[in-house]
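Have a look at the model first, and then read on.

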Amino acid sequence: MSPAQFLADYWQKRPLLIRGAMPNFSDLLTPDELAGLAMQEGVSARLVLERGGRRPWQLEHGPFSEERLTALPKSHWSLLVSNVEQWLESGALILDKFSFVPHWRADDLMVSFAPTGGSVGPHVDSYDVFLLQGMGSRRWQIAEQGDRTLLSGVDLKILKKFQPEAEWVLEPGDMLYLPPGVAHYGVASADCMTYSIGFRAPAQRDLLEDFYNLPKNLMDLVTTDQMYSDPDLTLQLNPGEITQSALVRVEDMLRAPLAHNDLLGRWFGAHVTRLPGASKEPSRRRMPAESKLNDLLKSDRKVWRSDRSRFAFFAPAGATIYFYVDGDELAVPQALKPLLEVLCATRCNPGRALAAALPRGKAREQALLMLRQMLAHGSLYIG
Ligand code: SIN
Ligand code: CO
């Protein structure tokens, strides 16, 4: 199936089972290596114990000690590690296979291990997910309809009643796509690893809160010294009332930024690439010398986009393109577009490929400086 057909018929619409989605898929890491990751500080790991905890469906957060992990029961638990792409280059490259969806919609690669009988219970997620089967096998049951009441008194959002409408046993390399809102329940039929390629979608609440807090540079694009004005004011019955006609005038003033296309795109570029919760740490790297960058650009050495960075560009009609990295905006001339396209679309580029995308003339200096700054910032790094 072509990506275009998948988007037209399934994306955000209905589940799809894809047998042999990745033929001969072999696990990116062993269960022991996954456990090793779950022991590291800074790695987001969770343990779900359906049985064998102090209560059913107990949730524990990592990092975990070796004692904790070796003391786990024989069955009915799952170990889940999120953002595996940040720790494993092969994990990051798996995410690239899903580039038929814009990168700003992509969230992370989560890898889980469960012994026979292990699951995280029947539940509903609010995001799209591709569930790729690694070692072992897992029986997935799904339900698009049905009661969504949750079990009370447990750590997780588990459905109280789950009536499967379809089920499949996934073998290594098989994959199940689920749009948001489809209830699903995957039980390991044998020691099992599952790779969840998860997406994100901005919440209206966050969009509104951020949009009406426009930064000054964007605010200046639309604001004038105009004040609320009402030369058409008519006598109203009660001076205390806020009338519909007053609200129409207010709405006109509030609408100005929405009607300004460049502003909307530029605000959204910064909004959607901003890293969650992060007050940015200043980089301790030094800017590479020009000569060092020139050597790199003549070589096959790999330049990686950081798996912790978010890149996007916005190209409105006109001479300027806006490039976003982790919420920061850089305005660049059209001549840099091929370079931005390569940087944004491909996670890992040999130096020569970047060189081939460089503009000539004056813009070249700007492009080289931008690459040096990105290497210093760590949003690009040399493999
Ligand atoms: C799992 O890997 O066990 C759970 C994945 C999911 O249900 O989203
Ligand atoms: Co789920």
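D125 has a polar side-chain atom 3.4 Å from an oxygen atom of ligand 1, where a polar contact is a pair of N or O atoms within 3.5 Å. This is a predicted model, in which local features need pLDDT of at least 70, side-chain atom pairs count only at pLDDT 80 or more, and totals for chains, interfaces and linings use all residues. Residues are numbered from 1 along each chain as its sequence is written, chains are lettered from A and ligands numbered from 1 in the order in which they are written, and side-chain values use heavy atoms, with hydrogens and water left out.

**Ligand 1**
- The side chain of S112 places a polar atom 2.7 Å from an oxygen atom of ligand 1.
- For H184, an N or O atom of the side chain is 3.2 Å from an oxygen atom of this ligand.
- On its own ligand 1 has 250 Å² of accessible area, and the protein covers 95% of that (Shrake-Rupley method, 1.4 Å probe).
- Two or more residues of the shell come from each of β5 (106–114), β7 (137–143) and β11 (192–199); strands are DSSP runs of E, at least two residues long, and helices are runs of H or I, at least four, numbered from the N terminus.
- Residues around ligand 1 include L80, M110, V120, R138 and W140, counted if a heavy atom lies within 4 Å.

**Cobalt ion (ligand 2)**
- Its protein donors are H123 (NE2), D125 (OD) and H184 (NE2), at 2.0 to 2.1 Å; donors are N, O and S atoms within 2.8 Å of the metal (3.2 Å for Na, K and Ca), and sites may look incomplete because water is not among the atoms.
- Along the sequence, the donor spacing reads H-x1-D-x58-H.
- H123 sits in the loop between β5 and β6 (129–133) and H184 in strand β10 (residues 183–190), so this pair ties together parts 61 residues apart in sequence.

**Backbone details**
- Most residues other than glycine have a negative phi, and most peptide bonds are trans.
- N24, not a glycine, has a positive phi of about 55°.
- The peptide bond from G62 to P63 is cis, with omega near 0°.

Definitions and conventions:
Polar contact = N/O pair within 3.5 Å; in protein donor to acceptor, adjacent residues only side chain to side chain.
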